[in-house]
Amino acid sequence: MRGNITIFVLIIFSYFSYAQGEYKIVFINLDEIISNSIAGKKLLKETDKMQNNIINEFTQIEKNLKTEENDISTKKNIMEKNQYNQLISDFKVKINLYKKDKFNKVENLKKFKIKQTNNFLSQIAPILKDYSTENSISIILQKKDILMGKSDFDITSIIMKKVNKKIAKIENK
């Protein structure tokens, strides 16, 4: 559906270009800029490090919980039923706390990634604006929304160079 809208917009603009003059339309691959620019690589490295820390932390907790579960199951025949049931109840509380903590940390990481990506994109926006003004560009589209286009209209490498020169790291806002 989104691709159809993009094609429709391109057809409309190409029609108006014959009627009112020339519009210059280009496209850019923002995903490539995020993953291959210096600041984008730092962002990805930072979020990957945070994700790995979370994974390692929860792997250790899961290992401890598994050990505790095995320990509780070995005590089943030794303990009184009430004591055993209390151990099971306490263990279930720990499991629920673990699940909540894991969910919260994963959600916080997702929010952090989105926030940092949006900050990075907001830092790229002035570069795109300046470039479009300097080169009389009417519209800049994302490459993922383009069905087909001449490679001459792809400005990703040009913007990548400008981003690498102007953005050393992603500013937190």
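**View A. The buried residues of helix 3.** In helix 3, the buried residues are A39, G40, L43, T47, I54, F58, L65 and I72. This is a predicted model, so please read each view with that in mind. What lies over these buried residues of helix 3? Their cover includes helix 2 (30-36) and helix 4. Helix 3 itself covers residues 38-74, 37 residues in total, and spans 54 Å from its first C-alpha to its last, close to the 54 Å expected at 1.5 Å a residue.

**View B. Helix 3 alongside helix 4.** Here the axes of helix 3 and helix 4 come within 11 Å and cross at roughly 175°. Angles over 145 degrees count as roughly antiparallel, and helix 3 and helix 4 are therefore roughly antiparallel to each other. Sorted by class, the residues in the contact of helix 3 with helix 4 are 17 nonpolar, six polar and 10 charged.

**View C. Helix 4 and the residue that follows.** Helix 4 takes in residues 81-134. With 54 residues, helix 4 reaches 79 Å from its first C-alpha to its last, close to the 80 Å expected at 1.5 Å a residue. After helix 4 comes S136, and its phi is positive, near 50°.

**View D. Where helix 4 meets helix 5.** Helix 5 (residues 156-166) packs against helix 4 at an angle of about 125°, and the two axes are 10 Å apart. That angle makes helix 4 oblique to helix 5. The crossing of helix 4 past helix 5 is right-handed. Which residues meet here? From helix 4 come F120, I124, I127, L128, D130, Y131 and E134, and from helix 5 come I158, I159, K162, V163 and K166. By class, this contact of helix 4 with helix 5 has eight nonpolar residues, four charged ones and no polar ones.

View E. D152 sits in the loop between strand 2 (139-142) and helix 5. Is D152 buried or exposed? D152 has 60% relative accessibility, so this residue counts as exposed. Look for V26 as well: D152 and V26 are 126 residues apart along the chain, yet their C-alpha atoms are separated by 8.4 Å.

**View F. Stepping back to the whole chain.** The protein has 173 residues, of which 24% count as buried. Among contacts between residues at least 6 apart in sequence, 83% join residues at least 24 apart.

Conventions:
Residues numbered from 1 in each chain as written. Predicted model: local features only at pLDDT ≥ 70, side-chain atom pairs only at ≥ 80, totals over all residues. Heavy atoms only, no water. Axes fitted to C-alpha atoms, helices over the stretch in contact; angles between N-to-C directions. Helix = DSSP H or I, 4+ residues; strand = E, 2+ residues; numbered from the N terminus. Parallel < 35°, antiparallel > 145°, perpendicular 65-115°, else oblique. Left-handed = near helix turned anticlockwise from the far one by under 90°. Contact = heavy atoms within 4.5 Å. Nonpolar A, V, L, I, M, F, W, Y, C, P; charged D, E, K, R; others polar. Expected span 1.5 Å × (residues − 1). Buried < 20%, exposed > 50% of the residue type's maximum accessible area, 1.4 Å probe, protein only.
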